[in-house]
Amino acid sequence: MMKLWKRASGALKDRKSLFSIGFSRKTSFRNPDLDSAIIHATSHDDTSVDYRNAHRVYKWIRSSPTNLKPLVHSLSSRVNRTRSWIVALKALMLVHGVLCCKVSSIQEIRRLPFDLSDFSDGHSRPSKTWGFNAFIRAYFSFLDQYSFFMSDQLRRRHRKPQVETVSQELERIQKLQSLLHMLLQIRPMADNMKRTLILEAMDCVVIEIFDIYGKICSAIAKLLIKIHPAAGKAEAVMALKIVKKATSQGEDLALYFEFCKEFGVSNAHQIPKFVSIPEEDIKAIEKAINGVEEEEEETKKEEMEVEEEKGIILVEKPELLQTIITDKWEVFEDDLCFTCKEIPETDQHRKYNVDPSSLPLIVIDEPVYFTHTLPDLITF
């Protein structure tokens, strides 16, 4: 009796919404025909999904980019008003289909125009709806990030074509792996969730998993060719993390598909073969990392050896000649001698009783400094 009352109440709400848009005029933000299709596609009926009107929405989006604003306005206003998990879930499935259209106007959406991260059904007790609430929150989290990712990818494609660097490819794979992780969080957890609408949503999720996991495998296969011993350490380390993550996610996917198969998801009946990363490819990446580390260690050793080499100079003092070891050189004009010049007599020569005429001429091509390295040190 209660279920019949809820269905009748939901149907009445849908009719009131359809009746109200009959009086609205077409503007840049409103399209009555599109509004009608959205209301039918996101009805309160939990026994079926209106795919005919959902495809009408997709057709509107593909036909002209001007239909995006009316879609965003109509869908966000409907979701923001509802407290029904049925309407919320159908809206997410509709958005998922819109994102899969992959038209250029989708890049304007960026993040979803509504927030279901804290959704809670208001028509039943939490003890009965907690599983549906968790399902919707997880589905919203994925679609919100997926919308941002798709928008970013479309923007890059429409810019001046450029060849992706290895770092950019690595970042893209990491984002895909993050999206795949979020997809694996979407699952029915309560015993009362074996509903037609949940099964339909899980079919959409499984199809998306196939698509994203396929992109990850394809990107990793291309990446392994580019990661070689000459690659940078940062790139090799990131590549190793990605490969290990892919191996771990392959195991998680196998368990997820087993769960979906037992739950009755039709698209999960044929479990795909998850390709493992060859051990020699993993070793090649580790070799690249170790090779870079060895080069860095050798460079550090060479720098330390250079720092240990000290210059040695003689400094005169009134009492004695003292040897000082230093690695900082200072040059004075008096320290320079030029080609074929006699050493002039100074007070220092007189003090130490040295005859300048007895000293040899300094014959050189360039100025030299009176400094000596350790092997050439001469003691007077």
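Does V87 count as buried or exposed, and at what relative accessibility? I will come back to that in a moment, after a word on what we are looking at. This is a predicted model, in which local features need pLDDT of at least 70 and side-chain atom pairs count only at pLDDT 80 or more, while totals for chains, interfaces and linings use all residues. Residues are numbered from 1 along each chain as its sequence is written, and side-chain values use heavy atoms, with hydrogens and water left out.

To the opening question, then: V87 has 1% relative accessibility and therefore counts as buried, where buried means under 20% relative accessible area, exposed means over 50%, and partly exposed is in between, with a 1.4 Å probe and protein chains only. V87 lies in helix 5, and, leaving aside its neighbours within four places in sequence, it is in contact with T42, S43, H44, R78 and T82, contact meaning heavy atoms within 4.5 Å. The C-alpha atoms of V87 and G10 are separated by 9.6 Å, although these residues are 77 apart along the chain.

Stepping back to the whole protein chain, it has 11 helices and four strands; these are DSSP runs numbered from the N terminus, helices being H or I with at least four residues and strands E with at least two. Of the 380 residues in the chain, 37% are buried, and among contacts between residues at least 6 apart in sequence, 75% join residues at least 24 apart. Helix 2, residues 32–41, is mostly covered, with eight of its 10 residues buried, including P32, L34 and D35.

The largest nonpolar core has 87 residues, and those with the most contacts inside it are L89 and Y139; such a core is a set of buried Ala, Val, Leu, Ile, Met, Phe, Trp, Tyr and Cys residues joined through side-chain atoms within 4.5 Å. Helix 8 gives the largest share of this core, 14 residues. Leaving aside neighbours within four places in sequence, Y139 touches L89, L92, M93, H96, I186, A201, C204 and V205.

Now to the packing of helix 7, residues 166–183. Helix 7 and helix 8, residues 196–226, pack at an angle of about 155 degrees with their axes 10 Å apart, the axes being lines fitted to C-alpha atoms, for helices over the stretch in contact, and the angles running from 0 to 180 degrees between N-to-C directions. These two helices are therefore roughly antiparallel to each other, since angles over 145 degrees count as roughly antiparallel, under 35 as roughly parallel, 65 to 115 as roughly perpendicular and the rest as oblique. The residues of the contact of helix 7 with helix 8 divide into 15 nonpolar, one polar and five charged.

With helix 9, residues 233–263, helix 7 packs at an angle of about 25 degrees, the axes again 10 Å apart, and the pair is therefore roughly parallel. Residues that meet here include V166, S167 and L170 in helix 7 and E235, M238 and A239 in helix 9.

Finally, a residue in a loop: R110 lies between helix 5 (85–101) and helix 6 (126–158). R110 has a positive phi of about 60 degrees although it is not a glycine, and at 27% relative accessibility it counts as partly exposed.

Technical notes. Ala, Val, Leu, Ile, Met, Phe, Trp, Tyr, Cys and Pro count as nonpolar, Asp, Glu, Lys and Arg as charged, and the others, Gly among them, as polar.
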